[in-house]
Amino acid sequence: MDLYTINYIKNNPIIHNYLREDPSWYKQLNRSSKNLKPLEELAKKHYKLTPQDRLESLSQSINIINNFLDVLK
């Protein structure tokens, strides 16, 4: 694995934690550092940090608040 890839993993806690959960990615990263972006996207999907997941979480929070306000009326 090249130094750029190692530093990128160490500086990105999302990827670092995901690699600890799924170490099979080390093999792919050793072969090519081009696999770094797909790994990052997969880690974000796993931890639900994509923009779509954040919007979904926000809409659920708004629905909970609306339901609570309806109960108070």
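Q: Is Thr50 buried or exposed?
A: In this predicted model, local features need pLDDT of at least 70, side-chain atom pairs count only at pLDDT 80 or more, and totals for chains, interfaces and linings use all residues. Residues are numbered from 1 along each chain as its sequence is written, and side-chain values use heavy atoms, with hydrogens and water left out. Buried means under 20% relative accessible area, exposed over 50%, and partly exposed in between (1.4 Å probe, protein chains only). Thr50 has a relative accessible area of 18%, so Thr50 is buried.

Q: Which residues is Thr50 in contact with, leaving aside its neighbours within four places in sequence?
A: Thr50 sits in the loop between α4 and α5; helices are DSSP runs of H or I with at least four residues, numbered from the N terminus. Contact means heavy atoms within 4.5 Å. With those neighbours set aside, the contacts of Thr50 are Lys44 and Lys45.

Q: Which side chain does a polar contact of 2.8 Å join to that of Thr50?
A: A polar contact is a pair of N or O atoms within 3.5 Å; within protein, one must be able to donate a hydrogen and the other to accept it, and residues adjacent in sequence count only if both atoms are side-chain atoms. At 2.8 Å, the partner of the Thr50 side chain is Asp53.

Q: How far apart are the C-alpha atoms of Ser32 and Lys44?
A: Ser32 belongs to the loop between α3 (25-31) and α4 (36-46). Ser32 and Lys44 are 12 residues apart along the chain, and their C-alpha atoms are separated by 20 Å.

Notes. Helix = DSSP H or I, 4+ residues; strand = E, 2+ residues; numbered from the N terminus.
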